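Reader: Please take me through this model by question and answer. Give the cut-offs as you go.

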Amino acid sequence: MTSGEQTCDYVYASDIVEVLIKAASTPAAVEVINLGRGRECQIRKLADERVKLTRSRIKIKVGAMAKHVGETKHFYCSAQMAVKILDWNANISLDEGLKKP
């Protein structure tokens, strides 16, 4: 793993399926609609949580890999257009999603 400081905006798959079905059945002007929770999560925190939840003995080697060229340090979005056009918000939190089978 790199430093693990990078952040991403994670959305549970069933939330994405739900909004894609809504989008396909909503007659609207052509708009760019970001799908996300609008919340950042550090990659390192996510990895640590997965190890904890799975009771794994794996040791994450933070800093063992160099940063990737062109890597985005922070990646999250605003779902304002999804709320406005599709009346949609992601329902499942990252913690809930990680605990699902």
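Author: Contact here means heavy atoms within 4.5 Å. The model is predicted, so local features need pLDDT of at least 70 and side-chain atom pairs count only at pLDDT 80 or more, while totals for chains, interfaces and linings use all residues. Residues are numbered from 1 along each chain as its sequence is written, and side-chain values use heavy atoms, with hydrogens and water left out.

Reader: Which residues does Ala90 touch, not counting residues up to four places away in sequence?
Author: Ala90 is one of the six residues of the largest nonpolar core, together with Val19, Ala79, Ala82, Leu86 and Trp88. Such a core is a set of buried Ala, Val, Leu, Ile, Met, Phe, Trp, Tyr and Cys residues joined through side-chain atoms within 4.5 Å. Beyond four places in sequence, Ala90 touches Val11, Asp15 and Arg37.

Reader: How far from Arg37 is the nearest side chain of opposite charge?
Author: Arg37 lies in the loop between helix 1 (13-24) and strand 2 (41-42); helices (H or I, at least four residues) and strands (E, at least two) are DSSP runs, numbered from the N terminus. Lys and Arg count as positive and Asp and Glu as negative, with His and the chain ends not counted. Arg37 is buried (under 20% relative accessible area, with exposed over 50% and partly exposed in between; 1.4 Å probe, protein chains only).

Reader: Which backbone oxygen does the side chain of Arg37 reach at 3.1 Å?
Author: The side chain of Arg37 reaches the backbone oxygen of Ala90 at 3.3 Å. At 3.1 Å, the backbone oxygen reached is that of Ile92.

Reader: Is Cys41 buried or exposed?
Author: Cys41 is found in strand 2, and its contacts beyond four places in sequence include Tyr10, Leu46 and Leu94. Because its relative accessibility is 7%, Cys41 counts as buried.

Reader: Which residues of helix 2 are buried?
Author: Helix 2 (residues 43-54) has 12 residues. What covers its buried residues includes strand 2 and helix 4 (94-99). The buried residues are Leu46, Ala47, Glu49 and Val51.

Reader: Is Lys61 buried or exposed?
Author: Lys61 is in the loop between helix 2 and helix 3 (80-86). Because its relative accessible area is 61%, Lys61 is exposed.

Note on methods: Salt bridge = Lys/Arg side-chain N within 4 Å of Asp/Glu carboxyl O. Polar contact = N/O pair within 3.5 Å; in protein donor to acceptor, adjacent residues only side chain to side chain. Expected span 1.5 Å × (residues − 1).
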